[in-house]
Amino acid sequence: MANRAVPNILVTGTPGVGKSSISRLLAERTKFTWREVSKLAEEYNCLDEYDPEYQCPFLNEDKLLDIMEGMMTKGGNIVDYHGCEFFPERWFDGVFVVRTNNTTLFDRLTARGYTGKKLEDNVQCEIFETLLEEAQSSYKPEVVMELQNDSEEQLYKNVDTIVEWIERWKEENI
Ligand SMILES: Nc1ncnc2c1ncn2[C@@H]1O[C@H](COP(=O)(O)OP(=O)(O)OP(=O)(O)O)[C@@H](O)[C@H]1O
C-alpha cells in the first residue's frame, strides 16, 4: 500500500465529458491540488512538435512523469487528463472515468468550436468507451469507477461521490 495519508485521484475521460468541471469543484471542497496535466505540460515545456492528424502537440510523457513524480508522493492530488495508461499505476488510489451521453458530448464539443475529424474522433472515443477500457486495462478493477456526467445535477452528485470516497479511503487507510 502507498505511504500517504490522503489519496491521489485520477479524473479521466474523453475531452469534454466534464473532467475540469468536476476537478475544480472537488478541489474547492477538499483542498486537494488540481493538476491539469495539459497545463503542466505547457508550463514545464513537455510539448514536442505538432501532430497534424490530431491538431495538438505531442506530449513528452517521460519528461512530464519525471516532473510530476515529486508532486504525487504526499497524496492529495486530483490529476485531470484525457489519458491514463502512461501514468505509474502506484500513483493512484482512485481512478474516476467520467462519461457523457454521445449527443450531449457532441453539443458540448461543437459549442467549443470543434469540427470535422477532431469532433468525430472525440465523440467516437466516447462511443467506443476508449478511456474506460484504457483505465480498466491499466488499473485494478476495484479502483476504477465510472461517473455519468450529463446534467448539472449529476455534476454535483459526482463531486459528492468522490468526496465520500475520499472520506472512506481515509478511514480505511489510517
Ligand atoms: N455535468 C455537466 N452538465 C452540464 N454541462 C457540463 C457538465 N460538465 C461539464 N459541462 C460543460 O461541458 C463543457 C466541457 O466541460 P470540461 O471543460 O469540464 O470538460 P473536460 O473533460 O475537462 O474537457 P478537456 O478534456 O477538453 O479539458 C464545459 O462547457 C462545461 O461547462
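This is a predicted model: local features need pLDDT of at least 70, side-chain atom pairs count only at pLDDT 80 or more; totals for chains, interfaces and linings use all residues.
Me: Which residues come nearest to the ligand?
Reply: Residues are numbered from 1 along each chain as its sequence is written. The shell around the ligand holds 15 residues, near meaning a C-beta atom, placed from the backbone, within 6 Å. Those that come nearest are Gly18, Lys19, Ser20, Ser21 and Leu155.

Me: Which helices each supply at least two residues of that shell?
Reply: Helices here are DSSP runs (H or I, at least four residues) and strands likewise (E, at least two), numbered from the N terminus. Two helices reach that mark for the ligand shell: α1 (19-30) and α7 (152-172).

Me: Which residues of α1 are buried, and how wide an arc do they cover?
Reply: A residue is buried if 20 or more other C-beta atoms lie within 10 Å of its own, exposed if 12 or fewer, and partly exposed in between, with C-beta atoms placed from the backbone. In α1 the buried ones are Lys19, Ile22, Ser23 and Leu26. They sit on the same side of α1 because their arc, taken from the directions from the helix axis to the C-beta atoms, is only 95°.

Me: Is Ile127 buried or exposed?
Reply: Ile127 belongs to helix α5 (residues 116-127). Its C-beta neighbours inside 10 Å number 11, so Ile127 counts as exposed.
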